[in-house]
Amino acid sequence: MPMELTQSRIQKIWLPNDNRPALPRRSCGPQLANSPTVIVMVGLPARGKTYISKKLTRYLNWIGVPTKVFNVGEYRREAVKHYSSYDFFRPDNEEAMKVRRQCALAALRDVKLYLTEEAGQIAVFDATNTTRERRGLILNFAKENGFKVFFIESVCNDPTVVATNVMEVKLSSPDYRDCNSTDAMEDFMKRINCYQASYQPLDPDNYDRELSLIKVIDVGRRFLVNRVQDHIQSRIVYYLMNIHVQPRTIYLCRHGESDFNLKGRIGGDSGLSNRGKKFALALNKFVEEQNLKDLKVWTSQLKRTIQTAEALQLPYEQWKALNEIDAGVCEEMTYEEIREQHPEEFALRDQDKYYYRYPSGESYQDLVQRLEPVIMELERQENVLVICHQAVMRCLLAYFLDKSADEMPYLKCPLHTVLKLTPVAYGCRVESISLNIEAVNTHRERPEEAKKGPNPLMRRNSVTPLASPEPTKKPRINSFEEHVAVSSALPGCVPQEVPTQLPGQPLLGKACLRPVCHFLKVFSLLIFPR
């Protein structure tokens with residue numbers, strides 16, 4: 001007999017009528033029938049592994065696949081409070097090797113906890129993992145727990161790229177907080193050499209031919225892909241093949257104020273108000289002042305964004321994917337009219353704004369899926385101005401700022417304001433630029449009864465400078481200080497306590513005091529000797 005079904009009032013999807021929860025919280029994105037996956041990073045230090053880990057995690061969380069990074073370096077800093085020198089990473093330092101192994105095992109225990117008890121779907125194991133022995137340990141761990149494994153190896157032999165990464169990220173890490181740049185640079189180069197001696201790259205043609213992996217060569221110049229197992233691994237490969245690290249700026253803004261904005265009506269396809277037309281002219285002047293080379297302009301297919309773009313006197317591309325969220329039966333209504341004519345729908349949307357789907361319309365969850373091709377193309381491009389709509393802009397902004405599904409529908413995106421996004425080492429710097437043209441305020445605050453803590457399963461778990469705060473971490477491992485051999489400190493370095501959570505790291509290390517050209521020359525000679 002056919003099973004009786006009940007339609008979820010919030011998501012408008014059909015569910016079995018057996019008193020099960022109406023909203024499965026394991027994932028807000030693709031429902032994966034596969035085993036949880038452990039993504040294992042591989043590569044020498046300063047090859048962009050943590051950059052890839054954090055960026056990939058941000059993307060997977062945004063599309064609704066619960067993902068978290070487990071950075072073994074953080075575990076090591078918790079265990080060893082006082083970093084002395086590169087001697088800790090020498091392969092003949094047996095006591096330090098024991099500590100490093102314990103840190104890796106502690107991270108794997110947390111990976112298991114996350115994937116089996118905390119509803120995670122993907123765990124990113126961020127470490128060098130440069131030996132077959134270490135990768136074999138991880139493979140055995142995954143086999144014992146029924147996890148899939150996907151390796152991402154970052155290979156880079158360009159001394160300029162490696163040196164830039166060291167300057168932008170490594171010299172400002174907690175290990176070198178009180179070091180001068182010269183001493184820190186010398187120590188980190190010796191640390192790389194410690195790994196270089198025992199590095200065993202992935203070998204997809206012979207030894208590792210049965211493994212699922214992608215080798216990212218020279219920051220995306222070439223890729224080598226082997227044995228992709230499932231849908232999510234194919235999406236990971238596609239994403240990694242679209243990102244780049246070239247300097248660029250992304251500008252997000254809404255269309256100028258529309259006639260419907262003035263009337264408090266949502267959706268529709270109205271034109272610009274008089275103030276909206278003034279904003280379009282002001283936007284044209286702003287773009288000219290930015291003096292950007294080869295600026296791409298994207299709009300939706302709705303009248304108000306196209307009118308705004310026309311004032312720029314630049315070519316622009318219309319994207320249907322950038323159209324405003326479809327309010328279904330509530331299109332062109334005011335919130336007061338929705339409250340009067342559809343009181344239950346009005347209350348349901350306040351209850352869960354991200355999942356709520358308008359009758360015959362869309363939810364924010366639907367909108368994220370619709371916007372994924374836009375994100376992919378934004379990652380491929382350089383300078384882009386996106387003229388869009390409030391809900392669309394919130395979704396795009398949530399991706400770049402690593403905001404949760406709970407926060408996304410309440411991000412403030414005022415009219416007549418341009419957000420300038422500049423990607424930096426592990427995140428995105430944001431500048432809000434008002435063009436000083438008055439406009440109505442269309443932001444609707446979260447209702448008091450809906451102000452509750454975000455669902456822990458829906459948090460963005462990668463740590464970026466502008467990410468929303470995570471709960472305070474509990475200590476994950478005991479201190480291994482008693483096991484660490486005493487070694488002399490670096491000249492100019494003062495040992496210190498390292499905080500449990502990594503602070504946001506600036507684009508350039510604060511201790512980079514020597515001329516860059518001298519740095520690059522010395523670095524290339526030491527890392528890549530002739």
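**Rings and charges**

Tutor: Let us begin with a charge: the charged end of Arg58 sits over the ring of Tyr399, 4.7 Å from the ring centre. This is a predicted model, in which local features need pLDDT of at least 70, side-chain atom pairs count only at pLDDT 80 or more, and totals for chains, interfaces and linings use all residues. Residues are numbered from 1 along each chain as its sequence is written, and side-chain values use heavy atoms, with hydrogens and water left out.

Student: What makes Arg58 count as sitting over the ring of Tyr399?

Tutor: The term requires NZ of Lys or CZ of Arg within 6 Å of the ring centre and within 35 degrees of the ring normal, and the distance for Arg58 is 4.7 Å. Arg444 likewise lies over the face of Tyr335, at 5.2 Å from the ring centre.

Student: Why is the pair of Tyr59 and Tyr239 called stacked?

Tutor: Rings of Phe, Tyr and Trp (its six-membered ring) pair if their centres lie within 6.5 Å, and planes under 30 degrees apart count as stacked, over 60 as edge-to-face and the rest as tilted. Tyr59 and Tyr239 have 4.2 Å centre to centre and 5° between the planes, so they are a stacked pair.

Student: Why is the pair of Trp298 and Trp319 called tilted?

Tutor: Their ring centres are 4.9 Å apart and their planes stand at 35°, so the pair is tilted.

Student: Are Trp298 and Trp319 buried or exposed?

Tutor: Both Trp298 and Trp319 are buried, where buried means under 20% relative accessible area, exposed over 50% and partly exposed in between (1.4 Å probe, protein chains only).
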